[in-house]
Amino acid sequence: MESNITYPHVPIQEQIDNIIAASAKSGKKKVTIIGAGVAGLASAYELLNLGHEVEVLEASDRIGGRIYTYRFDEENPDENYGELGAMRVPQSHDYTHYYLDKMGCELRRFVTIFENDNAYAYCRQKKSRIKNIHDDLLPRYDLTTYQKLESNQPPAKLFGAALNHLISLLTDQEVEDLFNGKITTDRLREYDNTSLGEFINEICVGEDANELVGNFIGLDGWRDKAITMFIRDNIVDTDDGLKEVVGGMGKLTDGLFKEVSPNVRLKTVVKSIDNKEDKVIIGLHNEFGKYEEIHADYVLCTIPFSVLRNMSVRGISFGKQRAIREMKYAAATKTAIYCKERFWETKDGIYGGASLSDEITRWTYYPSDHVKTENNIDKNLRVKGFGGMAMHPHEVKGDTPSGKDGVMLASYVLGEDANRLAALDEEKRHEVVVDKVSLFHPELKEEGMIKDTASIAWSTHEWSAGAFAFLWPGQLEHLWADVLKPEGRLFFAGEHCSTDQAWIQGSLISSLRETQNILEYGVDQEEVNEKGELRASKA
């Protein structure tokens with residue numbers, strides 16, 4: 001029986017109402033939040049608005065976490081920037097849209113990969129426009145007659161369609177259980193135990209077909225990851241109605257920080273967490289390098305488990321220790337290039353979207369700020385999906401002011417290729433990216449074309465140690481309950497504590513869920529849960 005559920009979660013307004021109701025019964029609470037990413041800032045914002053006492057501890061000298069808008073031009077900071085972290089928002093992500101609206105952020109269309117057929121594909125040392133890949137690129141692959149017929153569709157779209165077939169077999173209850181991290185049937189268990197690599201092998205007959213799909217979805221470096229994350233993204237349809245923030249995603253966290261800044265301590269490095277029955281003792285080095293201890297009533301820890309693993313954490317269950325130890329994180333490396341002119345628009349006619357390559361740079365994203373086509377792709381030409389897999393390429397029109405400079409996200413790469421670029425120093429990394437992207441954009445080699453370059457390797461970044469959480473097969477069933485579970489007065493949030501992993505939405509969902517749980521701690525549960533609702537961390 002096919003599922004009719006589109007996105008099982010607590011809607012944002014209902015969650016806000018739950019927090020307000022819990023606060024009315026809790027009395028004033030004192031909460032210490034570790035981490036000033038979007039999860040920590042959103043919790044602080046809600047708690048402070050309700051009159052609670054809050055202190056936010058942030059190890060680095062900036063807020064935002066893995067929302068990181070790099071601004072190249074101080075005179076025009078809202079124009080020439082590159083998104084080195086989160087960069088897009090699906091229509092279905094109500095929590096993210098709620099806070100973007102609260103912070104007064106202006107949105108515009110984000111043209112994603114495979115949406116613009118003027119972009120390039122560079123594979124097997126051949127350059128082609130995406131609209132011409134069937135004539136220019138596919139003959140270079142040894143495909144069966146059936147596969148060639150199927151290849152009338154973009155290869156990545158075939159992957160999305162195969163995922164949607166798996167989804168069509170799920171019942172409504174199975175979909176809901178999947179988003180709640182509960183493996184309740186043999187079918188869900190089979191999905192949870194299947195890796196991306198095994199799934200690609202099932203849908204692709206022959207090495208060339210396997211390579212083709214792997215290159216076009218850009219995820220072949222993640223063949224060891226569980227397929228369930230991709231299934232959830234397809235159900236949510238994270239390609240639908242994509243938007244970006246005018247002036248950069250950093251405006252979201254900057255706006256939240258402005259509201260809570262007196263309560264945030266930067267350059268404050270937490271070294272230890274000692275969880276007691278009646279308090280949580282936090283050992284830290286303050287901004288002057290001096291050791292301090294904080295005796296906290298309640299703690300919301302929003303830092304990645306990959307960073308928490310390096311700290312001393314005592315007084316937690318063995319299950320939580322295992323969750324921290326075994327949580328898997330994806331590697332991602334991004335490189336942005338600030339150019340004196342937008343040759344990709346004026347010469348190539350590429351407005352938004354992305355080119356792809358089987359070279360180490362993988363995806364090259366173009367800014368959408370000059371796009372004149374208002375609507376995303378025709379609903380009749382797409383399947384539900386994510387990462388551009390839902391799209392059927394078409395022409396995206398735009399207009400470029402004379403002499404306009406601009407920033408391209410020259411390389412967005414995941415998995416092992418991200419680690420390989422991370423192993424290089426910045427100068428060498430930038431050199432490699434320019435060399436590889438110039439294979440389809442030779443203008444980068446022109447003298448004076450590049451004004452500046454910036455990059456980040458999230459897997460080697462001290463305060464992230466990975467781009468985002470990404471479970472291995474079987475971990476949803478055997479690890480997830482311990483990932484979510486609070487430890488007395490110590491609570492956990494962040495994208496890694498949500499089944500919307502890798503998205504701002506996931507950070508916010510877990511943040512508000514645990515904010516409510518903190519407010520309800522010690523309150524009569526029968527009185528609080530009048531609707532008989534059971535949240536993930538109470539399970």
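Guide: Start with burial. Buried means under 20% relative accessible area, exposed over 50%, and partly exposed in between, with a 1.4 Å probe and protein chains only. Gly 40 has 0% relative accessibility, so Gly 40 counts as buried.

Visitor: What kind of model is this?

Guide: It is a predicted model, where local features need pLDDT of at least 70, side-chain atom pairs count only at pLDDT 80 or more, and totals for chains, interfaces and linings use all residues. Residues are numbered from 1 along each chain as its sequence is written, and side-chain values use heavy atoms, leaving out hydrogens and water.

Visitor: Where does Gly 40 sit?

Guide: Helices (H or I, at least four residues) and strands (E, at least two) are DSSP runs, numbered from the N terminus. Gly 40 lies in helix H2, residues 38-49. The chain has 21 helices and 22 strands.

Visitor: Which residues is Gly 40 in contact with?

Guide: Contact means heavy atoms within 4.5 Å. Leaving aside neighbours within four places in sequence, Gly 40 contacts Ile 33, Gly 35 and Thr 302.

Visitor: Which residues touch the most other members of the largest nonpolar core?

Guide: A nonpolar core is a set of buried Ala, Val, Leu, Ile, Met, Phe, Trp, Tyr and Cys residues joined through side-chain atoms within 4.5 Å. Here the largest has 152 residues, and Tyr 99, Phe 305 and Leu 308 touch the most other members. Beyond four places in sequence, Tyr 99 touches residues including Ala 42, Tyr 45 and Glu 46. Another core, of 6 residues, lies apart and includes Ile 360 and Val 413.

Visitor: How many of the 539 residues count as buried?

Guide: Of the 539, 60% do.
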